[in-house]
Amino acid sequence: AQSVTQLGSHVSVSEGALVLLRCNYSSSVPPYLFWYVQYPNQGLQLLLKYTSAATLVKGINGFEAEFKKSETSFHLTKPSAHMSDAAEYFCAVSGPTSGTYKYIFGTGTRLKVLA
Amino acid sequence: DAGVTQSPTHLIKTRGQQVTLRCSPKSGHDTVSWYQQALGQGPQFIFQYYEEEERQRGNFPDRFSGHQFPNYSSELNVNALLLGDSALYLCASTYDRVGETQYFGPGTRLLVL
C-alpha cells in the first residue's frame, strides 16, 4: 500500500534562509507525487508535481523538488524564504497503477518564517 | 474561469443530524473527489465520483454517501453525525486520468456539537 511520511510537523527558518521540507513515500513503483500548500482557512493549492518526465521539478513561488528513487524521497526546497511562505505544506502520492485515483497525503509540515 | 466552489463555507450541526455539502468542479473537469481534513491532519480520501458513479472509496463508513449530477457537480451527505465528524471537508476536481492534478476548493468547515 502507498504511504507518505513528512518528517517534521513544524519547521522554522529565518527570512532569506533555505527552506527544506522532507517527504518520503512508499510505493512498489514510482508514483505520481505532489506538493500542495494550504494557507489558513483556505483549500489546497498545487505547488508542483512529479510525473516521471524529469527528476527535478520546478513549481510556483520559487519552490522546487527533486525525485530520488533510490531514497524514495521528494523533498521540497526554496533557496530563500519569504514571510509569505508561512503556511502548511502537504506531500501527496497517487497512482500510477490503473484505478488508483485517490491522493494519499502526509500529515503536513507547518512552516514558520522568522523576521 | 471559475475554480472549484463549495457551499456552505461553514456549518454547525448537532450529533445525530444529517448534513449535505455541495461542490461545483472546475470548468471542464468531469471527476470529483471528497476529502476530510481533521484539525492538524492531512486530508483523508472519502470517495471519488465519475460519470455519476462512485468509482473509488476510502475507509469511511456508509454514513458517508455522495452523488454526482449530469453537470458534474457533486454532493456529500453524512448521516447520524458524530462529534468526530467535525472537520474541513474538501472537494477536488480533475480530468479522468490517473495522475492528473486535482484542484481543490476552499472547503466546508463542519462543526458537530
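At 41% relative accessibility, B:Glu52 counts as partly exposed (buried means under 20% relative accessible area, exposed over 50%, and partly exposed in between, with a 1.4 Å probe and protein chains only). The model is predicted, so local features need pLDDT of at least 70 and side-chain atom pairs count only at pLDDT 80 or more, whereas totals for chains, interfaces and linings use all residues. Residues are numbered from 1 along each chain as its sequence is written, chains are lettered from A and ligands numbered from 1 in the order in which they are written, and side-chain values use heavy atoms, with hydrogens and water left out.

B:Glu52 is not a glycine, yet it has a positive phi of about 65°. This residue sits in the loop between strand 5 (44–50) and strand 6 (53–57) of chain B; strands (E, at least two residues) and helices (H or I, at least four) are DSSP runs, numbered from the N terminus. A positive phi, near 45°, is also found at B:Ala80, again a residue other than glycine. B:Ala80 belongs to the loop between strand 8 (74–78) and strand 9 of chain B, and with a relative accessible area of 39% it is partly exposed. A further backbone feature is the cis peptide bond between B:Ser7 and B:Pro8, with omega of about -10°. B:Pro8 is placed in the loop between strand 1 (5–7) and strand 2 (10–13) of chain B.

Turning to the cysteines, the structure holds two disulfides over all chains, a disulfide being a pair of cysteine sulfur atoms within 2.5 Å. In chain A, A:Cys23 is joined to A:Cys91 with an S to S distance of 2.0 Å. The torsion about this S-S bond is about -60°, so the disulfide is left-handed. The link spans distant parts of the chain, 68 residues apart: A:Cys23 is in the loop between strand 3 (19–21) and strand 4 (24–26) of chain A, and A:Cys91 is in strand 10 (residues 87–94) of chain A. Both A:Cys23 and A:Cys91 are buried.

In chain B, the disulfide runs from B:Cys23 to B:Cys91, with S to S at 1.8 Å. The link of B:Cys23 and B:Cys91 is left-handed, with -60° about the S-S bond. Because B:Cys23 lies in strand 3 (residues 19–24) of chain B and B:Cys91 in strand 9 (residues 87–94) of chain B, the pair ties together parts that are 68 residues apart in sequence. B:Cys23 counts as buried at 2% relative accessibility, and B:Cys91 counts as buried at 0%.

Contact, defined as heavy atoms within 4.5 Å, takes 23 residues from chain A and 23 residues from chain B. The area buried between the chains is about 1,800 Å², of which carbon and sulfur atoms give 55%; buried area is the accessible area (1.4 Å probe) that two parts lose on being put together, summed over both. On the chain A side, A:Tyr101, A:Lys102 and A:Tyr103 lose the most area to chain B, together 35% of what that side buries.

Across this interface the rule finds zero salt bridges (a side-chain nitrogen of Lys or Arg within 4 Å of a carboxyl oxygen of Asp or Glu).
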